[in-house]
Amino acid sequence: QVRLEESGGGLVQAGGSLSLSCAASGIIFTVGDMYWYRQAPGKGRELVASISSGDDTNYLDSVKGRFTISRDNAKRAVYLQMNSLKPEDTAVYSCNMVLTTNRGLFSPWGQGTQVTVSP
């Protein structure tokens, strides 16, 4: 069974840093685009950052210059380094990947991890 497992997150003061990791497991042939999303209380889910199989990256305007997405294809992992965190970054962060598996194309989600930034 293909699944994504996230780690990282937690509570940090404004201006601090956190790092999120997300790794895929199972029978996986190729890993395509990778994404980090977040959902704050009472708000819709928004795309925070993406990285293509060719390492092209894109960011939500509000996190540009503060967050960095990266990937390790050998480990089937995606990372999100978050610096200069603000209270408005508080949300549940989830990873998502486009995978080619023994059962075809699959786009699983991580379980979500809470990031809380205190003023």
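Reply: Two strands are said to pair if DSSP finds at least two bridges between them. Strands themselves are DSSP runs (E, at least two residues), numbered from the N terminus. The model is predicted: local features need pLDDT of at least 70, side-chain atom pairs count only at pLDDT 80 or more, and totals for chains, interfaces and linings use all residues. Residues are numbered from 1 along each chain as its sequence is written, and side-chain values use heavy atoms, with hydrogens and water left out.

With that rule, β7 and strand β8 (residues 77–82) pair in the antiparallel sense over 6 bridges. Ile-69 stands opposite Leu-80 in β8. These strands belong to an open sheet of 4 strands, in the order β1-β3-β8-β7, with antiparallel pairing. Because β1 (3–8) and β7 (67–72) each have a single partner strand, they stand at the edges, and one side of each is left without a neighbour in the sheet. From one strand to the next, the twist averages 15°, where axes are lines fitted to C-alpha atoms and angles run from 0 to 180 degrees between N-to-C directions.

The next topic is the disulfide. A disulfide is a covalent bond between the sulfur atoms of two cysteines; here the rule is a pair of cysteine sulfur atoms within 2.5 Å. By this rule the count is 1 disulfide, formed by Cys-22 and Cys-95 with their sulfur atoms 2.0 Å apart. It links distant parts of the chain, since Cys-22 lies in strand β3 (residues 18–25) and Cys-95 in strand β9, 73 residues apart. The link of Cys-22 and Cys-95 is right-handed, with 60° about the S-S bond. Both cysteines are buried, that is, under 20% relative accessible area (1.4 Å probe, protein chains only).

A nonpolar core is a set of buried Ala, Val, Leu, Ile, Met, Phe, Trp, Tyr and Cys residues joined through side-chain atoms within 4.5 Å. The largest one has 29 residues, and among those touching the most other members are Leu-80, Val-78 and Met-97. Strands supplying at least two residues each include β3, β7 and β8, while β9 gives the most, with 5 residues.

Contact means heavy atoms within 4.5 Å. Not counting residues up to four places away in sequence, Met-97 touches several residues, including Cys-22, Ala-77 and Val-78. Thr-101 is found in β9 (residues 91–101) and counts as buried because its relative accessibility is 7%.

Notes. Buried means under 20% relative accessible area, exposed over 50%, partly exposed in between (1.4 Å probe, protein chains only).
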